[in-house]
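User: I would like to learn how to read cavities and their linings. Can we go through the terms and then the case at hand?

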Amino acid sequence: MKKYIKSIITLLLAFVFINCSEDTLDNLENGTLTGIVVANGTNLPLENVKISTNPNFSTVFTDAEGKFIIEEIPVNQYSVQAELDGFLAAFEGVEITANSSVNVVFELNIETANNRPPNTPVLVTPTDNAVDVPLDVQLVWSGSDPDEDDITYSIELRNDFDEEVLSFSTVNDTMLDITGLRFGLKYFWQVGAKDNINTDVIQSAVSVFETVTAPEFRYTFVRKIGDNNVIFSTDAQGNELQLTSSLINSYRPRRNVTANKIAFLSNSGSETHIFTMDLDGSNQEQITSQVAINGFDLNEIDFTWTDNGGRFYYSNFDRLYSINSDGTGLQEIYQTPDNSFITEVVISADESLLAIKTNDVSGYNVSVYTIDLSGILIDNILSGVSGAAGGLDISVDNQSIIYWYDVSGFESSNYRQLDSHIFLYNRNTSNTIDLSDGKIAGTNDFDCRFTPNEAEVIFTNTSNDGISQRNIFVTDLLPNNNAAGRTSLIENAEMPDFE
């Protein structure tokens with residue numbers, strides 16, 4: 001009996017011991033995993049990051065403070081993964097030990113963190129140090145992106161003459177058409193490349209090329225583009241260069257060989273003023289400011305430039321002014337005795353003589369005469385006639401003056417002419433020669449000027465319907481000119497100047 005009772009006691013003790021041992025082992029085989037997820041570089045906490053383990057035990061998400069906790073995780077070695085849209089997944093290895101807590105910190109990089117910037121662009125055309133490059137040129141370069149991202153290219157050109165900077169941009173395209181470069185300048189160009197991920201702009205090397213030298217553009221003229229007069233120049237072969245913008249009304253070009261510039265009329269606000277520019281249209285400067293050019297019709301008004309390039313003479317209604325070519329020294333030098341408007345003025349090469357055309361408010365009651373710089377009348381060339389007139393120029397020897405006059409005597413509110421002829425006036429004999437005998441009936445000759453050798457006259461001709469195309473011609477200084485003596489020079493052009 002005692003032996004039986006002893007066996008039962010032994011079994012009961014063993015059962016209690018086993019149960020106690022299992023409870024203790026269970027508690028010792030679990031741990032806790034805690035952590036925080038932040039953005040790399042800013043350390044800002046990231047919310048709603050998916051946290052998972054491998055071997056798989058539990059999946060949780062971070063709170064607003066970027067924190068997470070996994071409790072009662074069995075003792076083991078784990079790979080813990082953090083995932084969030086827009087960021088690269090991150091992994092951390094941890095070892096969970098019994099009855100302990102392990103903390104892990106994740107610093108997530110944005111998903112483009114490993115993205116590489118574009119490769120350095122390589123300039124191809126024009127080749128470095130190229131010469132005689134046309135004013136309209138195609139720039140070509142090569143470029144690529146190691147991650148095949150879209151590339152935005154920025155192109156910049158500078159020259160060796162002034163501070164002008166030309167800037168352009170294009171996406172993915174590795175060529176760009178450039179127009180309107182300037183003659184005889186060195187251009188330095190560079191291409192920058194940037195993708196839509198990286199902030200750095202990768203710049204190419206700088207390449208240089210030189211544009212062609214300016215041709216001998218001795219003719220200047222005006223062509224209508226839209227509602228504006230636009231100034232062009234051309235050479236004897238018909239190569240044309242646009243000098244002024246088609247968005248601005250510019251007209252009456254007057255080239256000065258000494259100054260190596262072209263003067264012209266253009267708008268400044270609501271007024272018309274004298275401007276100058278280089279022969280390629282660059283460096284435009286306003287000369288007049290205090291007293292504008294004005295009269296009965298701004299399209300008919302003309303001004304003059306002294307041969308030495310020092311001064312301009314121009315009119316404002318009934319008064320004649322002179323001004324230095326740098327805009328200083330404004331002077332009123334003459335006023336018409338009858339208050340008629342001065343519409344045109346030209347000065348002789350030796351600056352001793354001024355030829356003037358005056359008219360009334362409608363452009364009629366014309367007088368053409370010469371004065372000296374004191375305002376004393378010298379020659380009365382045309383007066384007391386009906387109809388329109390203009391187009392003054394003085395020969396280099398001061399002996400001849402050309403002008404145009406509408407021999408029909410027609411007058412109208414729109415200043416239309418019906419039969420304008422060019423006349424050559426001899427100051428020694430007071431005789432006048434008609435140079436337009438050979439023109440086609442129903443047309444007008446006007447805007448006349450001597451050519452540089454003064455053996456010819458350059459002028460505009462058009463139909464007297466007032467709407468047809470205008471063309472520029474030259475003709476010999478011969479009386480009774482026939483049609484064979486007239487040569488077409490520039491089509492769709494007017495207001496010629498030839499120096």
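Analyst: Start with residue classes: Ala, Val, Leu, Ile, Met, Phe, Trp, Tyr, Cys and Pro count as nonpolar, Asp, Glu, Lys and Arg as charged, and the others, Gly among them, as polar. By that scheme, the lining of the second largest cavity has 4 nonpolar, no polar and 3 charged residues. This is a predicted model: local features need pLDDT of at least 70, side-chain atom pairs count only at pLDDT 80 or more, and totals for chains, interfaces and linings use all residues. Residues are numbered from 1 along each chain as its sequence is written, and side-chain values use heavy atoms, with hydrogens and water left out.

User: Which residues line the second largest cavity?

Analyst: On a 1 Å grid over the protein atoms alone, a cavity is a set of points where a 1.4 Å probe fits but cannot get out; lining residues have an atom within 4 Å of a point. Here the lining is Asp302, Phe303, Glu344, Val345, Val346, Leu392 and Arg449.

User: Which strand gives the most to that lining?

Analyst: Strands are DSSP runs (E, at least two residues), numbered from the N terminus. Strand 28 (residues 341-347) gives the most, with 3 residues.

User: How is the lining of the largest cavity divided by class?

Analyst: It has 4 nonpolar, 1 polar and 6 charged residues. Among the lining residues are Arg252, Arg254, Asp447 and Met495. Strand 36 gives the most, with 3 residues.

User: Is Gly143 buried, exposed or in between, and why?

Analyst: Buried means under 20% relative accessible area, exposed over 50%, partly exposed in between (1.4 Å probe, protein chains only). Gly143 is partly exposed because its relative accessible area is 34%.

Terms used. On a 1 Å grid over the protein atoms alone, a cavity is a set of points where a 1.4 Å probe fits but cannot get out, and a pocket is an open set with protein on both sides within 12 Å along at least five of seven lines; lining residues have an atom within 4 Å of a point. Helices (H or I, at least four residues) and strands (E, at least two) are DSSP runs, numbered from the N terminus.
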